[in-house]
Amino acid sequence: MNRMEPLSERQRLFFDAQGYLTIEDALDGAELAALRRACDRAEAAWRADPSRPGCRIPEFIEIEGILEYDPLFLELLEHPRVFPKVRAVLGTDVALIDHAYYLTPPGGELDGSAWHRDVRTPGVYHPRSTVMVRAMFALGDVGAGDGATLVLPGSHRFPDDYPLPRVARPEDMPGAVPLTCRAGGAYFFNGNLWHAPSPNRGSRSRRMVLFNYGHKWMRPWRGHEPSPALAARADTPMRRQLLGLTGAYYGTDAELETPAPADRPAGG
Ligand SMILES: O=C(O)CCC(=O)C(=O)O
């Protein structure tokens, strides 16, 4: 059984106050190597077939629906060093909203309008709820100039109409913090937190796998509904819940502990 690492009191306080949390060395060396291989295979398949969904512009590549490409991504979705913490801040009804592999090649430019929040719920007012949490895993080191995600700490508590300063470049936002990390590191942030991608001024593409979690009563973003092949791999209650294959409002929420494949009884 994988050991699930809970959210500590200190981490809870940091996330509640700042709206984000970083987890150094979330992946060990073997996990990182396997993830890089799976991402390389996914990228090759995606580039070979222009009909596959995503974004294909020089300064940003998004391979949408990364779970469709390799069973390894399903394991990552419940990674024991990250997923229990995400579930702790979202609730037991956690489910997946979207999932992708991002590559940010060097050389692109962005303007200040890149600042945004992921959550938009105009019909209801959720000032104290955590509606979405975006988790990102780094395949390589990400320094401040390497396209690091920028966040405005504490801004998840801003009201919807808070007048954020207009800036020319994302990195000009007063108080912005770049989420730097080493290869194998991860971070997640509240979907209400103001954040922005930043330009990659380094020499290598920034490579990140991301999962955006919400609640099982929310719909996945368009194009992120599981294919029949992916749905068939949802062989645990948690996988079914995460992929939106359970009731939206009723039924028992899935338990946290899910045996890793190696621990499952043969044929089980
Ligand atoms: O690429 C990043 O670091 C930020 C991603 C982002 O803003 C988003 O996907 O909403």
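Which residues are around the ligand? They are Y102, D118, T149, H195 and P197, counting a residue as near a molecule if its C-beta atom, placed from the backbone, lies within 6 Å of it. By class, this shell holds 2 nonpolar, 2 polar and 1 charged residues; here Tyr and Pro count as nonpolar and Asp as charged.

Before we go on, a word on the model. It is predicted, so to speak of local features takes pLDDT of at least 70 and side-chain atom pairs count only at pLDDT 80 or more, while totals for chains, interfaces and linings use all residues. Residues are numbered from 1 along each chain as its sequence is written.

Let us turn to the strands, which are DSSP runs of E with at least two residues, numbered from the N terminus; two of them pair if DSSP finds at least two bridges between them. Strands β2 (residues 54-57) and β3 (residues 60-64) are antiparallel, with 4 bridges. A hairpin of 2 residues links β2 to β3, and I57 has F60 as its bridge partner.

Elsewhere, an open antiparallel sheet of 3 strands runs in the order β7-β6-β9. Because β7 (177-178) and β9 (195-196) are at the edges with a single partner strand each, one side of each is left without a neighbour in the sheet. Strand β6 (residues 150-151) meets β7 through 2 bridges, and V151 stands opposite V177.

Finally, consider Y187. Beyond its neighbours within four places in sequence, Y187 is in contact (C-beta atoms, placed from the backbone, within 7 Å) with residues including Y20, M136 and C181.

Methods
Contact = placed C-beta atoms within 7 Å.
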